[in-house]
Amino acid sequence: MTEIYVGPSDRGAVDGHGPATAEVPAVPDPPRPTKEPPVLIGGPPPGAAILDAQDACAWFGDHLVLEGVSLVMPAGEVTALIGPSGCGKSTFLRLLNRMHELVPGAAMDGQILLDGDDIYGAAMRPQQVRARIGMVFQKPNPFPAMSIKDNVLAGLKLSRIKCSDKDALVEQSLMRASLWKEVKDRLDQPGGGLSGGQQQRLCIARSLAVAPNVLLMDEPCSALDPTSTRRVEETIEELRGEVTIVIVTHNMQQAHRVSDRCAFFLAEENEPGYVVEQGFTQKMFEDPDDPRTLDYVQGRFG
Amino acid sequence: MDWITAGAAAASSVALCWLIFSVFTNGIGWFGFWLVAYFVFLGTYFVATLDRLGRLAAVDRLMTVAAWSAMIIVLVPLVWLVIYVLVKGLPALSLGFFTHTQKGITPIQPATAGGGLHAIVGTLEQVGIALLISLPLGTMTAIFLNETRSRMRRPVRIFVDAMSGMPSVVSGLFIYATLIIPLAKDNSLFGYNGFMASLALSVTMMPTICRAIEVVLRLVPAGLREAGLALGSSRAKVVWSVVLPTASSGVATAAILGIAREAGETAPLLFTAFGYNLMNANPFSGPQESLPLFIYRFIREPLASSIARGFAGALVLMVLILLLFAIARIVGRDRTKARKRRRLPIRRSPSTGAAPPAAGRPVPQLALPSQENP
């Protein structure tokens with residue numbers, strides 16, 4: 001197992017260490033043609049990545065909450081995790097970037113492969129994993145002590161990534177999160193002064209600034225009004241192809257609108273959660289194999 | 001109408017007590033008189049309101065009166081203390097207090113002669129050094145208690161709690177016994193001086209600051225730490241770049257409250273700084289005065305002018321601590337919130353003086369301020 005990324009000079013070479021990354025181009029593809037695309041030094045390797053969970057299990061203490069989840073989240077696609085509350089969707093999402101282990105007493109089993117490398121492998125540090133796999137939380141959580149601009153750049157500061165042109169990166173990240181127009185005149189004001197929907201898009205911009213390969217979204221719109229929800233969905237639409245997105249949502253219409261693939265989680269009373277069915281979103285919503293999936297997506301339970 | 005009822009009830013209760021204690025019996029002293037009169041007043045007021053407005057209003061008025069009385073009982077000794085020190089200290093206080101020491105002053109000279117500059121300098125130096133020692137230690141301990149998952153947290157927390165409850169004279173004794181007695185012979189740094197006083201103050205200041213900072217760290221939402229970690233940061237970097245900046249105003253408040261508390265400590269200084277009547281600006285060599293020691297020294301003396309000097313010192317110390325508390329309040333206020341708070345004047349209907357009812361008014365009629373950003 002090799003190191004994941006070392007520096008700017010041999011980025012292309014390092015990318016070739018896993019079978020799935022062989023096709024990833026060495027030169028980063030700018031997400032949006034700007035005049036001078038900012039270059040990140042010391043950040044994640046460019047491009048979207050495949051996430052592949054194999055037989056993942058999760059415990060809180062002695063309590064098994066997730067059993068045998070195998071799910072492939074293809075590069076650049078949007079995968080939605082749906083299912084009733086308490087069935088382990090969020091736990092599974094937090095397994096994917098090693099946030100699960102931050103809970104005292106939490107444990108896991110199985111493998112999570114990021115472009116073929118086990119993120120729980122001995123050569124991986126959690127910080128590296130989390131820099132490559134960003135996360136947007138249910139509740140908007142911009143850093144209150146920082147300005148809007150500093151919030152966007154927080155990831156660089158926190159994980160010691162260098163950038164050639166910080167102003168361009170701020171603009172690019174806020175553009176991708178479709179927040180630029182609203183805040184471009186007040187980048188120095190505190191991030192806490194924005195509305196809830198703007199704060200959530202600021203958090204998305206913050207996650208995007210470090211150019212992650214995967215973006216995890218844990219019910220990103222559950223605290224937002226319909227207009228803000230639409231803006232976030234537009235952002236997801238724009239990111240399709242550039243970043244692998246995994247989104248947990250309780251909103252069936254949203255899952256239908258934004259995702260390419262779906263995984264339906266279910267848990268019986270006091271039993272661990274598992275994946276009932278997974279596949280292309282269209283099939284899951286129109287002609288699922290399992291009757292429980294049909295009941296759930298049509299709103300008959302859950 | 002309530003005020004009239006209350007006044008009438010008060011008058012009647014006092015009159016009744018006067019009748020009972022001064023006319024029919026031999027009296028029970030002024031304290032007993034007013035105590036009985038107060039409870040008679042409560043009863044009279046309750047019954048009068050019960051008759052006028054019913055049970056619910058009577059209980060409400062009774063509780064209002066009880067709450068006000070409780071507030072006055074708590075406030076009176078406090079205000080009394082401040083006024084007492086002011087009355088006693090102000091005549092002895094002159095501008096010279098801040099520019100002169102006790103150099104060449106004999107006890108028979110008036111209280112306004114000489115001053116306490118040496119004590120002010122000593123207090124500032126001792127408390128300043130103590131803060132330099134205990135703020136980093138206290139902050140690191142608070143971070144250890146709140147941001148790590150070590151198994152040692154529980155014992156450390158118990159230890160910090162025990163330390164904050166320790167009598168302050170013990171901390172002075174501790175420095176005296178462990179540093180001054182064995183080491184003073186060979187090294188003047190470990191003799192009676194301001195630095196030893198700072199060490200003794202640190203022993204009591206560290207737990208105070210640690211507890212206060214731990215409380216503000218606990219107020220930082222867990223979501224912010226998760227957000228930082230999810231960006232690929234280490235725990236240490238999250239604490240340094242996210243948690244501490246978010247809690248910065250709270251940390252500053254904790255530091256100033258620590259200073260304010262330690263500035264008034266006398267006991268740890270008795271056998272460390274020792275006290276000195278002249279200016280000694282060097283905290284690392286020789287006995288040094290401080291405001292509490294200054295007060296302690298003069299208030300014990302039998303001469304009126306000396307006692308007045310002590311009260312002048314007490315007044316200066318009180319004002320100093322009051323200033324520090326005021327600074328703590330200003331620093332501790334959340335500036336972003338204070339700026340945002342802007343009230344919209346609600347247009348009241350002219351006839352009733354009440355806000356217009358919402359029904360039949362789809363758009364609330366708010367009188368917006370003419371300029372957007374004052």
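F97(B) lies in the loop between α3 and α4 (117-147) of chain B, and in this predicted model F97(B) is buried, because 22 other C-beta atoms fall within 10 Å and 20 or more are enough for that class. Leaving aside residues up to four places away in sequence, F97(B) touches G115(B), G116(B), A312(B) and V316(B). The C-alpha atoms of F97(B) and G194(B), which are 97 residues apart along the chain, are separated by 21 Å. The points below place this residue within chain B and then turn to chain A.

**Chain B as a whole**

- Chain B is built with 13 helices and 0 strands, so that, read from the N terminus on, its elements run α-α-α-α-α-α-α-α-α-α-α-α-α, a pattern that rests on helices and strands being taken as DSSP runs numbered from the N terminus.
- Of the 374 residues in chain B, 33% count as buried.
- When contacts in chain B between residues at least 6 apart in sequence are considered, 69% of them join residues at least 24 apart.

**Domains of chain B**

- Chain B is divided into domain 1, covering 2-91, and domain 2, covering 117-335, and the centres of domain 1 of chain B and domain 2 of chain B, taken over C-alpha atoms, are separated by 43 Å.
- The contact draws 6 residues from domain 1 of chain B and 6 residues from domain 2 of chain B, and the side of domain 1 of chain B that touches domain 2 of chain B has 4 nonpolar, 1 polar and 1 charged residues by class.

**Helices α11 and α12 of chain B**

- Helix α11 (residues 291-299) of chain B and helix α12 (residues 304-332) of chain B have axes that come within 7 Å and cross at roughly 155 degrees, which means that α11(B) is roughly antiparallel to α12(B), and their crossing is left-handed.
- On the side of α11(B), the contact is made by L291(B), P292(B), F294(B), I295(B), F298(B) and I299(B), while α12(B) supplies S306(B), I307(B), R309(B), G310(B), G313(B), A314(B), V316(B) and L317(B).
- By class, the contact of α11(B) with α12(B) has 10 nonpolar, 3 polar and 1 charged residues.
- V316(B), one of the α12(B) residues in that contact, is also one of the residues that F97(B) touches.
- Within α11(B), the residues L291(B), P292(B), L293(B), F294(B), I295(B) and F298(B) are buried, and the buried residues of α11(B) pack against α4 and α12 of chain B.

**Helices α2 and α3 of chain B**

- Helix α2 (residues 29-53) of chain B packs with helix α3 (residues 55-89) of chain B at an angle of about 150 degrees, their axes being 7 Å apart; α2(B) and α3(B) are therefore roughly antiparallel to each other, given that angles over 145 degrees are placed in that class.
- The crossing in which α2(B) passes α3(B) is right-handed.
- The contact involves L42(B), Y45(B), F46(B), T49(B), L50(B) and L53(B) of α2(B), together with R55(B), A57(B), A58(B), R61(B), L62(B) and V65(B) of α3(B).
- Sorted by class, the contact of α2(B) with α3(B) has 9 nonpolar, 1 polar and 2 charged residues.

**G250 of chain B**

- G250(B) is found in helix α10 (residues 248-263) of chain B and counts as buried because 20 C-beta neighbours lie inside 10 Å, where 20 or more are required.
- Not counting residues up to four places away in sequence, G250(B) touches V216(B) and G332(B), and the C-alpha atoms of G250(B) and A328(B), although 78 residues apart along the chain, are separated by 9.1 Å.

- The secondary structure of chain A comes to 11 helices and 12 strands, and 49% of its 302 residues count as buried.
- Among contacts in chain A with a separation of 6 or more, residues 24 or more positions apart account for 71%.
- The contact between the chains takes 22 residues from chain B and 24 residues from chain A.
- On the side of chain B that touches chain A, the elements giving two or more residues are α8 (222-230), α9 (235-246) and α13 (335-340) of chain B, and the largest share, 7 residues, comes from α8(B).
- The residues on this side of chain B divide into 9 nonpolar, 9 polar and 4 charged.

Definitions and conventions. Residues are numbered from 1 along each chain as its sequence is written. Chains are lettered from A and ligands numbered from 1 in the order in which they are written. This is a predicted model: local features need pLDDT of at least 70, side-chain atom pairs count only at pLDDT 80 or more; totals for chains, interfaces and linings use all residues. Two residues are in contact if their C-beta atoms, placed from the backbone, lie within 7 Å. Helices (H or I, at least four residues) and strands (E, at least two) are DSSP runs, numbered from the N terminus. Ala, Val, Leu, Ile, Met, Phe, Trp, Tyr, Cys and Pro count as nonpolar, Asp, Glu, Lys and Arg as charged, and the others, Gly among them, as polar. Axes are lines fitted to C-alpha atoms, for helices over the stretch in contact, and angles run from 0 to 180 degrees between N-to-C directions. Angles under 35 degrees count as roughly parallel, over 145 as roughly antiparallel, 65 to 115 as roughly perpendicular and the rest as oblique. A crossing is left-handed if the near helix is turned anticlockwise from the far one by less than a right angle, and right-handed if clockwise. Domain bounds come from an automatic or database domain assignment. A residue is buried if 20 or more other C-beta atoms lie within 10 Å of its own, exposed if 12 or fewer, and partly exposed in between; C-beta atoms are placed from the backbone.
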